[in-house]
Amino acid sequence: MVRLLVVFVSREELNSVRLPEFLSVAETLGISVSCEALEDSEVYLQVEFPSVDAAQRICDRCVMVKGVFEVWASASSYDALVEALSKLPRFADSFRGKRFKYAVESFGRSHTREQQVKLMQRFESLDHGGAAVSLSAPDIVIW
């Protein structure tokens, strides 16, 4: 089993159909998933999938799914998040031989480009395994 974060499209008039669509597609494909209930106002849902392939098969068919993410760490502040990521043995290894970029996205608020850059700069101290930054063609996007 793999636990992933599913992010749904935020359209108020469609909120009530997000989870039913997701669960219906899973059932149609014969894939068993486990998740909590989703409130209409929420766009984030932690889901247990049998595999990453199963997650991709389901989400490829869902109109209301915006993206699926593997959560490496979570914290109540950016400093705590940087610290948690720095302690992950696989963090630097995940970047070796690849190109990457950071993306900043918020729900319910927006950031200016300057604010986004400042947030991304907080992660400069992390070991990125010698990987190159590529804003136009990254292999890995860190959200």
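Which residues does His-111 touch, not counting residues up to four places away in sequence? I started the notebook with this one. The model is predicted, and I kept that in mind for every entry.

**Entry 1: His-111**

I looked up the contacts of His-111 and found Val-104, Ser-106, Gln-116 and Leu-119, with residues up to four places away in sequence left out. I then placed His-111 in the chain: it lies in the loop between β5 and α5, the latter being residues 113–121. His-111 has a relative accessible area of 16%. The cut-off for buried is under 20%, so His-111 counts as buried although it sits in a loop.

**Entry 2: the whole chain**

I stepped back to the protein chain and counted 5 helices and 7 strands. Read along the sequence, I noted the pattern as β-α-β-β-α-β-α-α-β-α-β-β. The C-alpha trace spans about 45 × 30 × 30 Å along its principal axes. Of the 143 residues, 34% are buried. I looked up the accessible surface and wrote down about 9,100 Å², with 49% of that belonging to carbon and sulfur atoms.

Among contacts with a separation of 6 or more, 70% are between residues 24 or more positions apart. For the charges, I noted 16 positive and 20 negative, and their mean positions are 6 Å apart.

**Entry 3: strand β1 and its partners**

How many of the 7 residues of strand β1 are buried? I found 6, so β1 (residues 2–8) is largely enclosed by the rest of the structure. I then went through its pairings. β1 runs antiparallel to β3 (residues 44–49), and 6 bridges join the two. Within this pairing I noted that Arg-3 stands opposite Glu-48 and that Leu-4 stands opposite Val-47.

β1 also runs antiparallel to β4 (residues 65–69), here with 4 bridges. On this side, Val-7 has Gly-67 of β4 as its bridge partner.

**Entry 4: strand β3**

I looked at the two faces of β3. Leu-45, Val-47 and Phe-49 make up the covered face, while Tyr-44, Gln-46 and Glu-48 make up the uncovered one. Val-47, on the covered face, is the residue that Leu-4 stands opposite.

β3 has a further pairing with β2 (residues 34–35), antiparallel and over 2 bridges. Ser-34 has Glu-48 as its bridge partner there.

**Entry 5: helix α2**

Which residues of helix α2 are buried? In α2 (residues 52–60), I listed Ala-54, Ala-55, Ile-58 and Cys-59. Seen down the axis of α2, these fall within an arc of 120 degrees, so they line one face of the helix. On the other side of α2, I found Val-52 and Asp-60 exposed. I then asked what the buried residues pack against, and noted β1, α1 (18–28), β3 and β4.

In what order do the 3 strands of the open sheet stand? I wrote down β6-β5-β7, with parallel pairing. The edge strands are β6 (132–133) and β7 (140–142), each pairing on one side only. Between β5 (residues 99–102) and β6 I noted 2 bridges, in the parallel sense. Phe-100 has Val-133 of β6 as its bridge partner.

**Entry 6: Ala-132**

I ended with Ala-132, which has its place in strand β6. Ala-132 is partly exposed, with a relative accessible area of 43%. Leaving out residues up to four places away in sequence, I found that Ala-132 touches Lys-98, Arg-99 and Phe-100. For Phe-100 I also took the distance: Ala-132 and Phe-100 are 32 residues apart in sequence and 6.5 Å apart in space, C-alpha to C-alpha.

Definitions and conventions: Residues numbered from 1 in each chain as written. Predicted model: local features only at pLDDT ≥ 70, side-chain atom pairs only at ≥ 80, totals over all residues. Heavy atoms only, no water. Buried < 20%, exposed > 50% of the residue type's maximum accessible area, 1.4 Å probe, protein only. Contact = heavy atoms within 4.5 Å. Areas by Shrake-Rupley, 256 points an atom, 1.4 Å probe, with all protein chains shown as cover. Lys, Arg positive; Asp, Glu negative; His and termini not counted. Charge placed at Lys NZ, Arg CZ, Asp CG, Glu CD. Pairing = 2+ DSSP bridges. Arc of directions from axis to C-beta.
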